[in-house]
Amino acid sequence: MVQPFFWLPVPVLLVVLLTSPWQPAPLASHESFGLMAANAFLGYTLFNAIAAAVIAKTFLEQRRPGLLMMGCGAIIWNCSGLVGTVSGLGLFRETVDINSLITMHNCCLWGSSFCHLAGAGLSPKWQLSEGNGRAALATTYLLAGAVAGLIVVLAYSGGLPVFFIAGKGGTMVRQFVLGSAVAMLALAALILLWLNRSASSALRWYPPALMLLAIGVTGVLVQKVNGGWVGWLGRGTQSLGGFYLVIGALVSHMVPLPEGVPFWRALTEMRQKWAISAAIAAVLVCMGAAARLLLLPYLGGNFP
């Protein structure tokens, strides 16, 4: 089980964040684009690059698909940090639109959170066959990098909704994206902590890392002014979460998991187990669609 001191920063930072509305000068801005670029490079780029590299090495030895998905999460967050570093330096010359930077970071953060949740949801007992490790690693990491690259292109070309309006703050789209990212990170931490206790010795640093990331994202979500101390608390907490992620990757590499269950056999067993539930769900969806079509003349053409 995770030792208590690993979790110490989590409740402390959470209490500070929850009491932020009653702290002095919560709306004062202390923005520093140079410091923002340094934090993005260290906390988002470097830490996640190291974590992704260590996870890749561990995956080649242990072939756990859950670890592979967490590595994809680190890759996407790493790309966000790399672009954020360059953009942060570009803001000195007012060459970067702040909305594009925020949109890129928030969407990459959401994609990373989804990958971490997917990795936590895959049982640590599942294991790929020996011949598929390198191909799976190359394919998934390239896909993660491609997703991050697509997000960057769409964000800076105006292909995504507006996330931030100068003088007004974040939009509802941004609040939803960040809120759902917080929920996914917290849920991933809970899954690793309670549902995968058999692998707790190897994965014990991942739950606090994900919780720190969730708290950091919450700080960015609730900040009232860009560059305020609440926002900086969120950025710093995300960097601390990245540091925890590096330690988690190193620990999982040094503490190998026992021999696992073949991945495809596990999926087959799961498919047989949930076949009836899936059939019932499909029937209900079809019944709902049929009812909608039957009642459409009475509901009017504007009914969704």
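**Close-up views of a predicted model**

N48 is buried, with a relative accessible area of 3%, and this value comes, like every other in these legends, from a predicted model.

View 1. Helix α6, made up of residues 172-195, is the place of R174. With a relative accessible area of 5%, R174 is buried, because buried means a value under 20%. The side chain of R174 is joined to the side chain of Q175 by a polar contact of 3.3 Å. Not counting residues up to four places away in sequence, R174 also touches I102, N106, F163, V220, L221 and Q223.

**View 2. The buried side of helix α1.** Helix α1 runs over residues 9-18, and among its residues V10, L13 and L17 are buried. Around the axis these three residues cover an arc of only 80 degrees, which means that they lie on the same side of α1.

**View 3. Helix α1 beside helix α8.** Helix α8 consists of residues 206-222, and its axis comes within 10 Å of the axis of α1, the two crossing at roughly 10 degrees. Because angles under 35 degrees count as roughly parallel, α1 and α8 are therefore described as roughly parallel to each other. On the side of α1, the contact is made by P9, V10, L13, L14 and L17, while α8 contributes P208, M211, L212, I215, T218, G219 and V222. Sorted by class, the residues in this contact of α1 with α8 are 10 nonpolar and two polar, with no charged residues. The residues V10, L13 and L17, which are buried in α1, are included in the contact with α8.

View 4. Although F114 and C72 are 42 residues apart along the chain, their C-alpha atoms are separated by 9.7 Å in the model.

Definitions and conventions. Residues numbered from 1 in each chain as written. Predicted model: local features only at pLDDT ≥ 70, side-chain atom pairs only at ≥ 80, totals over all residues. Heavy atoms only, no water. Helix = DSSP H or I, 4+ residues; strand = E, 2+ residues; numbered from the N terminus. Buried < 20%, exposed > 50% of the residue type's maximum accessible area, 1.4 Å probe, protein only. Polar contact = N/O pair within 3.5 Å; in protein donor to acceptor, adjacent residues only side chain to side chain. Contact = heavy atoms within 4.5 Å. Arc of directions from axis to C-beta. Axes fitted to C-alpha atoms, helices over the stretch in contact; angles between N-to-C directions. Parallel < 35°, antiparallel > 145°, perpendicular 65-115°, else oblique. Nonpolar A, V, L, I, M, F, W, Y, C, P; charged D, E, K, R; others polar.
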